[in-house]
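Please keep the structure open while reading.

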Amino acid sequence: MASDRRQNIQLTPDGRLRHFLTIEGLSRELLTHILDIAESFATLPGRPVKKVPALRGRIITNLFFENSTRTRTTFELAAKRLSADVLNFNASTSATAKGETLLDTLRNIEAMHSEMFVVRHSQSGAAHFIARHAAPGVSVINAGDGRHAHPTQAMLDMFTIRRHKGDFTPLRVAIVGDILHSRVARSQILALNTLGVTEVRVVGPRTLIPTEARALGVHVYHDLDEGLRDVDVVIMLRLQKERMDGALLPSESEYFRLYGLTNKRLEAAKPDAIVMHPGPMNRGVEMDSEVADGPRSVILQQVSYGIAVRMAVMSLCMQTHAEERGEA
Amino acid sequence: MTEAPRHIFMQHDGIIDLIDGMTGILRHYLRDREIDDPAIIGIHTGGAWIAHELHQRLDCPGPLGLLDISFYRDDFTRIGVNPQVRPSRIEFDVDERNIVLVDDVIQSGRTIRAAMNEIFDFGRPASITLVTLIERNGRQLPIQPDVVGLSLPLPTHEHIRLTGPETYSLEISRRTDA
């Protein structure tokens with residue numbers, strides 16, 4: 001265990017969160033701690049002042065090398081609700097687009113006394129790279145890197161599930177759709193298994209489920225009706241049209257016919273099953289609007305809870321690094 | 001810093017006597033100020049227990065408020081997140097209410113400052129009355145309780161802690177360098 005922790009740059013030798021790059025290597029206790037802290041932040045929207053002063057005077061930089069308005073906005077709001085100052089660094093207009101290396105850009109932002117980078121990048125491993133080269137005392141949070149990981153999205157999904165279902169252990173969860181291209185699915189599977197659910201299923205066409213899926217400890221289904229039978233949670237994934245290099249699917253309409261979630265198909269799941277989607281959603285492709293806007297959908301709650309979960313991760317990382325900077 | 005073994009300073013019955021005494025003093029205090037509808041807020045964890053006791057004894061009709069001030073501490077990045085952080089819950093309108101803020105021990109005054117900051121994020125109260133079970137020395141801010149169960153001068157290196165809530169106990173431990 002100790003050697004695992006030494007190899008995991010996310011954690012300090014005593015197991016506290018230094019960076020948040022992937023769910024891999026994190027314990028159930030740590031994931032539960034993140035969810036518990038997020039619980040206290042989830043009450044903020046009900047207050048007249050929706051901020052706490054925990055990170056007042058700290059600077060957090062959003063380093064987005066890949067566009068994602070929703071994710072960037074929720075990270076920005078999370079940082080602002082912690083009273084931090086936020087820099088938004090847009091790669092398309094940034095110095096890197098003019099030829100500056102990533103590391104030079106990093107050093108420049110560090111010189112502005114930013115203590116946390118929230119990194120979004122199309123290349124898998126980009127957040128790890130930045131974490132390895134960031135100055136001591138700077139935290140890196142992965143806001144999605146290539147096909148690798150999107151750990152805060154997975155944690156907000158876990159938070160949503162816990163809010164609705166309480167205990168993870170008896171649950172059967174189906175993740176449906178484009179598993180192959182989904183960093184979210186990989187992070188969700190790791191989180192669900194770490195939190196001890198009874199069964200994780202992945203459901204989708206053979207072309208969109210990676211051959212190594214079973215190695216992640218999931219049950220693979222290619223038939224949606226079979227895959228949804230008696231599940232407590234249905235997580236629909238976005239069909240990532242922009243990541244489709246070849247003709248992996250005959251057509252969107254055929255995809256919807258075989259894998260689109262409708263109220264009729266949802267009858268296979270448990271009567272109190274909830275429906276989730278990390279967004280943005282393609283209505284009529286992954287899901288029928290009747291389901292998306294129906295009583296079992298918790299999709300908008302996911303967005304709201306995402307702010308609380310990101311606040312929890314930011315506050316934990318910032319605390320660890322403050323101690324490492326010798327402020328403790 | 002490590003903590004030496006603790007010793008019991010006061011046991012359950014003594015603490016209940018203190019709370020009964022505080023209830024009487026608080027009742028007079030509120031009456032003198034013509035406050036007939038106080039809203040009670042306790043600070044996690046010990047303060048919430050005492051607040052619950054006062055809430056029952058004063059027969060307050062409204063819900064009890066609970067505060068976890070972890071994210072309001074001015075030394076948050078040094079002392080960090082309380083491992084058992086709990087959501088603050090104030091399910092009443094704070095605006096223009098007469099608040100009774102309850103903690104178990106007041107020492108530096110920083111916890112109370114953080115709690116007042118958090119209360120003001122819920123609204124602007126008409127007044128705040130501070131109640132603590134134990135008032136000890138070591139104040140670093142000009143904050144004093146209005147109602148106190150027991151004033152207890154303690155050496156700087158001694159720490160007093162309330163345990164409970166099924167059976168209350170006040171424990172004193174001595175902090176020594178590791």
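Buried here means under 20% relative accessible area, exposed means over 50%, and partly exposed is in between (1.4 Å probe, protein chains only).

## Basis

This is a predicted model, in which local features need pLDDT of at least 70, side-chain atom pairs count only at pLDDT 80 or more, and totals for chains, interfaces and linings use all residues. Residues are numbered from 1 along each chain as its sequence is written, chains are lettered from A and ligands numbered from 1 in the order in which they are written, and side-chain values use heavy atoms, with hydrogens and water left out.

## The A–B interface

Chain A puts 24 residues in contact with 19 residues of chain B; contact means heavy atoms within 4.5 Å. About 1700 Å² is buried between chain A and chain B, with carbon and sulfur atoms giving 62%. That area is the accessible area (1.4 Å probe) that two parts lose on being put together, summed over both.

One salt bridge is counted between chain A and chain B. The term requires a side-chain nitrogen of Lys or Arg within 4 Å of a carboxyl oxygen of Asp or Glu. Arg47(A) and Glu118(B) form a salt bridge, at 2.8 Å from N to O. On the chain A side, α2 (28-41) and α12 (299-324) each supply at least two of the residues that touch chain B. Helices are DSSP runs (H or I, at least four residues), numbered from the N terminus.

## Salt bridges in chain A

The whole structure holds 29 salt bridges over all chains. Arg162(A) and Asp36(A) pair at 3.0 Å, N to O. Arg162(A) lies in α6 (residues 151-165) and Asp36(A) in α2, so this pair ties together parts 126 residues apart in sequence. Asp36(A) is partly exposed, at 30% relative accessibility.

Arg72(A) and Glu76(A) form a salt bridge with closest N and O atoms 2.8 Å apart. Both lie in helix α3 (residues 69-81) of chain A, four residues apart, about one turn of the helix. Arg72(A) is partly exposed at 26%, whereas Glu76(A) is buried at 15%.

## Two buried positions

Gln302(A) sits in helix α12 of chain A. Its relative accessible area is 2%, so Gln302(A) counts as buried.

Thr23(B) is in helix α1 (residues 12-32) of chain B. Thr23(B) is buried, at 4%. Leaving aside neighbours within four places in sequence, Thr23(B) contacts Leu54(B), Arg57(B) and Leu58(B).
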